[in-house]
Amino acid sequence: MNDQSKSPLPPHVIIAGHGRSGTNMVLDLFDCHRMSFCRNEPNELHGTGFTGLGDAMFGDPVPADFAARWRQAVATTIRSNGARDRFGLDKDYFRSPLVARAGQAVMSRARLRELLLPKSEGRTVEEWPCPGPYYNHTALARALPVLKILLAPAWIARAHDLFPGQQVVHVVRRPEGFIQSWWSRYVTGIGGGPEKVFADNQPSLEIILAHFGHADKKPASYSLEALLVSELWRWRYMNEVLAEALSTSDRYLPVPYEAVMKERMVWAERLYTFAGLEMTDATRTQVEGMQNTLFGKRKPDGLEPDLVASAVAQVTEDSTWWAAFGGKK
């Protein structure tokens with residue numbers, strides 16, 4: 001291990017998981033605290049330090065200078081804003097509520113950002129340093145950074161070994177609920193339709209099936225069940241690989257989405273204790289009033305429960321991790 005890999009990073013929390021699993025809700029719980037600095041999917045933004053870190057899911061290839069690149073990416077991220085962030089007002093590191101509102105008015109408008117921010121490779125850079133007029137940087141340096149980074153088990157596990165300041169909150173949603181939400185939001189929404197998503201999944205599916213010793217289970221052609229199974233294998237790989245890598249670390253906290261939905265305050269206190277944040281009366285009020293609009297009632301055209309159950313059984317039948325974590329309802 002070289003000297004760069006031993007370079008310290010300040011304490012920070014990474015919210016890990018698969019999309020459509022409740023990671024936004026957990027990020028919002030952290031954002032209720034006046035001294036948290038929350039970043040939403042900074043690795044997905046154009047023009048950030050996460051470029052060049054290699055493959056986030058499988059970690060192949062791993063750049064020789066991964067430690068130095070990761071340290072620089074995180075160090076930059078925790079002092080920047082980005083296009084996917086929420087711009088909350090109730091924070092102790094803003095210079096005043098008035099300038100906070102002014103900052104939010106500027107930073108939350110994509111068209112205005114396009115005029116103000118530089119271009120890189122023909123696109124507007126989507127991350128920028130926290131503006132001095134809005135932030136008290138001395139106070140900001142005392143805030144706890146919370147970074148939501150999805151589908152990156154290889155990155156997170158490797159960085160966890162290298163940087164003792166990293167804590168990981170791993171949000172896991174039951175596969176039945178996950179696949180219904182994924183179908184409604186991604187496949188019938190932004191993914192381009194079932195057959196395109198199925199085709200897009202095939203390269204990663206081949207790697208995942210080989211990892212679990214099931215290379216013979218790769219489907220020969222598209223079917224709705226094959227599509228669901230392909231995505232559930234991705235769900236299993238993302239969650240199981242990370243859990244197995246970090247399960248013995250006291251800096252790792254697995255979080256069941258359904259439990260948080262049932263007992264929000266209990267889990268908010270657990271998350272804050274894990275991260276070293278105080279649950280004040282003001283924060284408690286913020287948590288109690290938090291609205292979750294991400295996982296509404298399933299659309300009428302959702303997937304048939306029997307089809308979902310069959311797909312889940314195929315993917316999880318030999319998973320000792322899932323049997324221990326959640327297993328059957």
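The model is predicted. Confidence comes first. The protein chain has a mean pLDDT of 93. Of its residues, 94% reach 70 or more. One is residues 1-5, where pLDDT stays under 50. The model gives residues 1-5 6 contacts beyond four places in sequence. The other is residues 294-298, again with pLDDT below 50. That stretch has 11 contacts in the model beyond near neighbours in sequence. Where pLDDT is low, the predicted coordinates should not be read in detail.

Now the charged side chains. A search of the whole structure turns up 16 salt bridges. One of them pairs Asp28 with Arg86. Their closest N and O atoms are 3.4 Å apart. Asp28 sits in helix α1, residues 23-31. Arg86 sits in the loop between β3 (80-82) and α3 (97-107). The pair therefore ties together parts that are 58 residues apart in sequence. Arg86 has 32% relative accessibility, so it counts as partly exposed.

Next, look at Asp65 and Arg69. Their side chains meet in a salt bridge, at 3.0 Å from N to O.

Arg174 and Glu176 form another salt bridge, with N and O 3.2 Å apart. Here the arginine is buried: Arg174 has a relative accessible area of 16%. The cut-off for buried is under 20%, so Arg174 falls within it.

Salt bridges can also join into a network. Arg39, Asp85 and Glu127 are linked in this way.

How many disulfides does the model hold? The count comes to 0. A disulfide would need two cysteine sulfur atoms within 2.5 Å. Take Cys32. The closest cysteine sulfur to its own is in Cys38, 8.9 Å away. Cys130 is in no disulfide either. For Cys130 the nearest cysteine sulfur is again that of Cys38, at 12 Å.

Technical notes
Residues are numbered from 1 along each chain as its sequence is written. This is a predicted model: local features need pLDDT of at least 70, side-chain atom pairs count only at pLDDT 80 or more; totals for chains, interfaces and linings use all residues. Side-chain values use heavy atoms; hydrogens and water are left out. pLDDT is the predictor's confidence in each residue, from 0 to 100. Contact means heavy atoms within 4.5 Å. A salt bridge is a side-chain nitrogen of Lys or Arg within 4 Å of a carboxyl oxygen of Asp or Glu. Helices (H or I, at least four residues) and strands (E, at least two) are DSSP runs, numbered from the N terminus. Buried means under 20% relative accessible area, exposed over 50%, partly exposed in between (1.4 Å probe, protein chains only).
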